[in-house]
Amino acid sequence: MYEMKPEYYIGIEMIDEEHKQIFAYADEVYELLHDEFTPDKYDNIAYVLQKLKDYTKKHFADEEEYMRSINYKRLFTQITQHRAFIEKLEEFEMEHLADDGSQDEQIMKILDFLTDWLINHIFHVDGLIGK
């Protein structure tokens, strides 16, 4: 379901490769939502959130380092958006630990957030880095 399509490539190989991995994690979340053979997804949700948070921290550090190296003028905006992304993942983790709502509802919230991020941030914001 989630895959890196040509229109999401920004033309910077390292960043494009890391974006592919974020798409792969989004696909894991999607697969978890539709996994009818795992009735209790609590541990799976915690695991995918942790993996996603760890990976995006690394990715954001790499991306910000690259932007510094080219004196990218929108670096502060990127840093702000990156921090907001991590904070949102931490919010999802807290909600998950509190066990608020159904597991599928939690997964849908995460998936909606990731979908919005992948489309709006990678396509519209990160796309400017390559230009």
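**Entry 1: Lys41**

I started with Lys41 and listed its contacts (heavy atoms within 4.5 Å): leaving aside neighbours within four places in sequence, Lys41 meets Leu32, Leu33, Asp35, Gln103, Asp104 and Ile107. I keep in mind that this is a predicted model, where local features need pLDDT of at least 70, side-chain atom pairs count only at pLDDT 80 or more, and totals for chains, interfaces and linings use all residues. I also note that residues are numbered from 1 along each chain as its sequence is written, and that side-chain values use heavy atoms, with hydrogens and water left out.

I found Lys41 in the loop between α1 (13-33) and α2 (42-69); helices here are DSSP runs of H or I with at least four residues, numbered from the N terminus. Is Lys41 buried or exposed? Lys41 counts as buried, because its relative accessibility is 4% (buried means under 20% relative accessible area, with a 1.4 Å probe and protein chains only).

**Entry 2: α1 against α4**

Next I looked at α1 and α4 (residues 103-125), which pack at about 155° with axes 9 Å apart. Axes are lines fitted to C-alpha atoms over the stretch in contact, and angles run from 0 to 180 degrees between N-to-C directions. That angle makes α1 roughly antiparallel to α4 (over 145 degrees).

Among the residues that meet here, I noted His19, Ile22 and Leu33 in α1, and Asp104, Ile107 and Leu118 in α4. I sorted the residues of this contact into 14 nonpolar, one polar and one charged. Nonpolar covers Ala, Val, Leu, Ile, Met, Phe, Trp, Tyr, Cys and Pro; charged covers Asp, Glu, Lys and Arg; the others, Gly among them, are polar.

**Entry 3: α2 against α4**

I turned to α2 and α4, which pack at about 20° with axes 11 Å apart. So α2 is roughly parallel to α4 (under 35 degrees). The contact includes Tyr42 and Phe60 of α2, and Gln103 and Trp117 of α4.

**Entry 4: His59**

Last, I checked His59 in helix α2. His59 counts as buried, at 1% relative accessibility. What does its side chain make a polar contact with? I found the side chain of Glu18, at 2.6 Å. Not counting residues up to four places away in sequence, His59 touches Ile15, Glu18, His19 and Ile22.

How values were computed
Helices (H or I, at least four residues) and strands (E, at least two) are DSSP runs, numbered from the N terminus. Buried means under 20% relative accessible area, exposed over 50%, partly exposed in between (1.4 Å probe, protein chains only). Angles under 35 degrees count as roughly parallel, over 145 as roughly antiparallel, 65 to 115 as roughly perpendicular and the rest as oblique. A polar contact is a pair of N or O atoms within 3.5 Å; within protein, one must be able to donate a hydrogen and the other to accept it, and residues adjacent in sequence count only if both atoms are side-chain atoms.
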